[in-house]
Amino acid sequence: MEKNTKGKSSFVMEGQTFRKRFPLKYGWIFLFLACLVLWVMFYSEEITDHMTCRSSLLKMNVPTTKASTPNTTTSKRPTEPPEPASVCSYHSVLPEDALEVQQLKESIAWPETPSLPSNFSLHDTSDPAHSTCTVLPRNGGGSWRVGDQLEVLIQIADFHGRPKSSGGDVLLARLHSPTLFAGVAGRVLDHRNGSYTAVFSLLWEGSARVEVTLVHPSEAVTVLERITQQNPGRVSLKSIFRSGSVTESTACNVCLKAPPERLCNFTDLHTGEPWFCYKPKKLKCEHRTIHSFGGFGLKLKPMEEKLFQSGVNMKVLIPSSGPSNITILPKLKVLNETVSTNTSGGDVIAQPAGYYYQGIWRALDGTTVHQLTNNSAISQCLSGKVLHLYGDSTIRQWFEYLISAAPDLKKFDLKTLKQTGPFMAFNYAKNTFVTFRCHAPPIRFGNLLVSQTRYIANELDGVVGGENTAIVIGVWSHFSTFPVEVYIRRLLSIRRAVERLLNRAPGTVVIIRTANPKALTLYETLTNSDWFSIQRDKILRTIFKGANVRFVDAWEMTLAHHLPHNLHPQPPIISNMLNVVLSHICFPAGNFKKAKKL
């Protein structure tokens, strides 16, 4: 007992001594310092990002598998601050899609293009004025005939006139006849040594002229590849948040470099399509009301703009080194049978989707194209039909053309914006219902109400379908600034929805619109170049190749026509496109025959 009392007394005396040496006010100082240390630890961006990144992946419905991408990053100096961690990626795909995505990326691999030192000279780059195209003689000699295959050798040179030794230039080719209003797209083969071969099918009798266009020099492709990898978010997209009198605007995109607590996560719960916005300072995520386009702010490095000059090295015709005109004779006939005269000496076959003759598109993929150009024909064709149009402004253009060509289709005023829709039109007498709805972000429209934002896959899941229902889909233009995984992911979700629709309603007609070439300025090139469109067009065709869908080959229908390229093709081209669409819808049973042999 005495021992315990003594110990207790000693403890009390030591506490009194401690209080004498360290008054109570110093205790508050130590407590404050301890709290400060804890606050710094928990709110340090680097530490917080590390602690929250993995846990947020489990909470957020975002694909986390990344498709392999070129290693374009360089090691940073130790003194540089680390980038904010993020739970998203432009390259993320669903695990079950990883193999297909990789195969798609390999299928669009572009030939290696020259590297560009900071002090490169424009005179060392591809110059259409010093390049040449040459019509090669007919294999076996003699005159050109319908059914033959024409080959044209293209040699690219620089501004000094020196032949290039590498490939990667972007070329378009067509064969056309201004007098016959005829035209067909050519196929271009890159030999990767500065030379190319353009191949054409000869499909009409009479005159024809070869035309080869340099869209971009290979050095420009080097720039386009770099900005896509380094600046995937170069287009400014944003959302407007509004509650009462308070309005805020924040940046949005497929992926944002920020920890999850700084983001509003608008990832679609059904498709898994990611979409994020920075959190507004005053309002909540639920107050998001409008999606909008905020402009384009990317600046190229010095000298790089010279690679994108209209009339100099962008969308410029390559001169011919000899005659560029040929005369095509009829096929040889022996004993009342037509003799095939396909004279291709190489392994490349043109295989066009169709061609123009007298201004009318003639399909070669087995489609019988009916001429449904007036109100009566269109009204009769769509009698009892439901037609849903989904996509970008190139699909909206079809809706607008359709209701202008068929006044009996009355547009119902939904009080929606002209650019974004949605729209609907009726013909009560013929029991016809037509709708248009734009696709969900990313989309570069001025203003899109969030309440009207729909993913096409989700819309398709709500369609009843059947023999009297047709679906038209066109998605490509607004995905050009992003790595291809973003586009692939969107198309795969749409394809799955198409397959579900056709499984429950096999009679539904589904039509896919491809991309098309367009007029190019510097701005258009950096956001929507034909080079971007070529790659995405090939991806779209490959993804839907095995599905029970029909294609409208907008690429060839624009390229083969004599009118200039435009994002929204001129009425004569649109009229031909709608003839293909309506032929698929109104004559589905006997419309798709065995493709014609060239």
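**Group meeting: the disulfides in this model**

Okay, let's start with the cysteines: a search of the whole structure turns up three disulfides. Keep in mind that this is a predicted model. And just as a reminder, a disulfide is a covalent bond between the sulfur atoms of two cysteines.

Some background before the details. The protein has 598 residues, and 50% of them count as buried. It contains 13 helices and 29 strands. If you take contacts between residues at least 6 apart in sequence, 76% of those join residues at least 24 apart. The accessible surface is about 29,200 Å², with 56% of that belonging to carbon and sulfur atoms.

Right, on to the pairs. Let's take cysteine 252 and cysteine 277, whose sulfur atoms sit 2.0 Å apart in a disulfide. Which hand does this one have? The torsion about the S-S bond is about 105°, so the disulfide of cysteine 252 and cysteine 277 is right-handed. Cysteine 252 is in strand β12, residues 246–253, and cysteine 277 is in strand β14, residues 276–278, so this pair ties together parts that are 25 residues apart in sequence. Buried or exposed, for cysteine 252? Buried, with a relative accessible area of 2% for cysteine 252. Cysteine 277 is buried as well, with a relative accessible area of 0%.

Have a look at the strands around that pair. β12 and β14 are antiparallel and pair over two bridges, and cysteine 252 stands opposite cysteine 277 in β14. On β12 there is also pairing with strand β11, residues 235–243: those two run antiparallel and are joined by seven bridges. As one example from that pairing, serine 239 has threonine 250 in β12 as its bridge partner. β11 and β12 make a hairpin with two residues between the strands, and in that hairpin glycine 244 takes a positive phi near 65°.

Now cysteine 264 and cysteine 285. They form a disulfide too, with the sulfur atoms 2.0 Å apart. The link of cysteine 264 and cysteine 285 is left-handed, with -85° about the S-S bond. Cysteine 264 lies in strand β13, residues 263–265, while cysteine 285 is in the loop between β14 and β15, so the pair ties together parts that are 21 residues apart in sequence.

The angle about the S-S bond is 70° here, and the link of cysteine 381 and cysteine 586 is right-handed. How many residues apart in sequence are the parts that this pair ties together? Cysteine 381 is in helix α6, residues 375–381, and cysteine 586 is in helix α13, residues 571–586, so the answer is 205 residues. Cysteine 381 counts as buried at 9% relative accessibility. Cysteine 586 comes out at 18%, and since buried means under 20%, cysteine 586 counts as buried too.

Cysteine 133 counts as buried at 4% relative accessibility, and cysteine 438 is buried with a relative accessible area of 3%.

Methods: Residues numbered from 1 in each chain as written. Predicted model: local features only at pLDDT ≥ 70, side-chain atom pairs only at ≥ 80, totals over all residues. Heavy atoms only, no water. Helix = DSSP H or I, 4+ residues; strand = E, 2+ residues; numbered from the N terminus. Buried < 20%, exposed > 50% of the residue type's maximum accessible area, 1.4 Å probe, protein only. Contact = heavy atoms within 4.5 Å. Areas by Shrake-Rupley, 256 points an atom, 1.4 Å probe, with all protein chains shown as cover. Disulfide = S-S within 2.5 Å. Pairing = 2+ DSSP bridges.
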